Amino acid sequence: MAAAQTSTRSATATRYMLAGIRLALGWIFLWAFLDKTFGLGHETAAAKSWLNGGSPTKGFLGSAAKGPFAGFYHSIAGAGVTDVLFMAALFGVGVALILGVGMRLAAGAGALLTVMMWTAVLPPASNPFMDDHLVYAAVLIVLALLGAGNTLGLGRIWASLPLVRRAPWLR
């Protein structure tokens, strides 16, 4: 009996821990979107905000990108389509994670985005191979696989929608 109670408490604690990690990662993506859009002064000055005509990709991809993919990233830095796709990804992944909906899409898009950011600075400054971008990508996939949107999120409601039931990849 005690083992079953311990197992239940452990499972509950795990669900809430995963939900907390999901919310934290969602805030990381959403904050990046908000700061770059409005120039809240943390990483982006108001004068360089997207709303004031700044490019959210020009600085990083145009000058900080290095390694084997630098030419590619330099060529797309500051392009309108690059800026829109980057900002849409930050916003969409952030909102989906915070709400706990579309976790498969959010995990795939977020993992793709973070892996691309990792490839933009190869090799990473602090390690020959591994950095936080790869860890974020892995954690995003784990969150989707374990249904982290169901705890402290709208995942169950989202999954019950007729469209999502017909197209499970939207879960």
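What does Thr37 count as, buried or exposed, and why?

Reply: Thr37 counts as buried, because its relative accessibility is 5%; buried means under 20% relative accessible area, exposed over 50%, and partly exposed in between, with a 1.4 Å probe and protein chains only. The model is predicted, so local features need pLDDT of at least 70 and side-chain atom pairs count only at pLDDT 80 or more, while totals for chains, interfaces and linings use all residues. Residues are numbered from 1 along each chain as its sequence is written, and side-chain values use heavy atoms, with hydrogens and water left out.

Thr37 is found in helix H1. Helices (H or I, at least four residues) and strands (E, at least two) are DSSP runs, numbered from the N terminus. Not counting residues up to four places away in sequence, Thr37 touches Ser49, Trp50, Leu51 and Met87; a contact has heavy atoms within 4.5 Å.

H4 itself may now be examined. Its 20 residues should span 28 Å at 1.5 Å a residue, and the end C-alpha atoms are 28 Å apart, which agrees; the expected span is 1.5 Å times one less than the number of residues. Met87, Thr82 and Asp83 are among the buried residues of H4, and what covers the buried residues of H4 includes H1, H2, H3, H5 and H6. Just after H4, Gly100 takes a positive phi of about 80°.

The largest nonpolar core holds 20 residues, of which Phe29, Leu90, Leu97, Leu113, Leu140 and Leu143 touch the most other members. Such a core is a set of buried Ala, Val, Leu, Ile, Met, Phe, Trp, Tyr and Cys residues joined through side-chain atoms within 4.5 Å. Helices H1 (2-38), H4 (80-99), H5 (103-119) and H6 (132-145) each give two or more residues to this core, and H4 gives the most, with 7 residues. A second, separate core of 5 residues includes Ala65, Tyr73, Ala77 and Ala120.

Leu113 links several of these parts. Leaving aside neighbours within four places in sequence, Leu113 is in contact with Phe29, Phe86, Ala89 and Leu90. Leu113 is one of the buried residues of H5, as are Gly110 and Thr114, and what covers the buried residues of H5 includes H1, H3, H4 and H6.

As for the whole protein, the secondary structure comes to 8 helices and 0 strands. Of its 171 residues, 36% count as buried, and the C-alpha trace spans about 60 × 40 × 30 Å along its principal axes.
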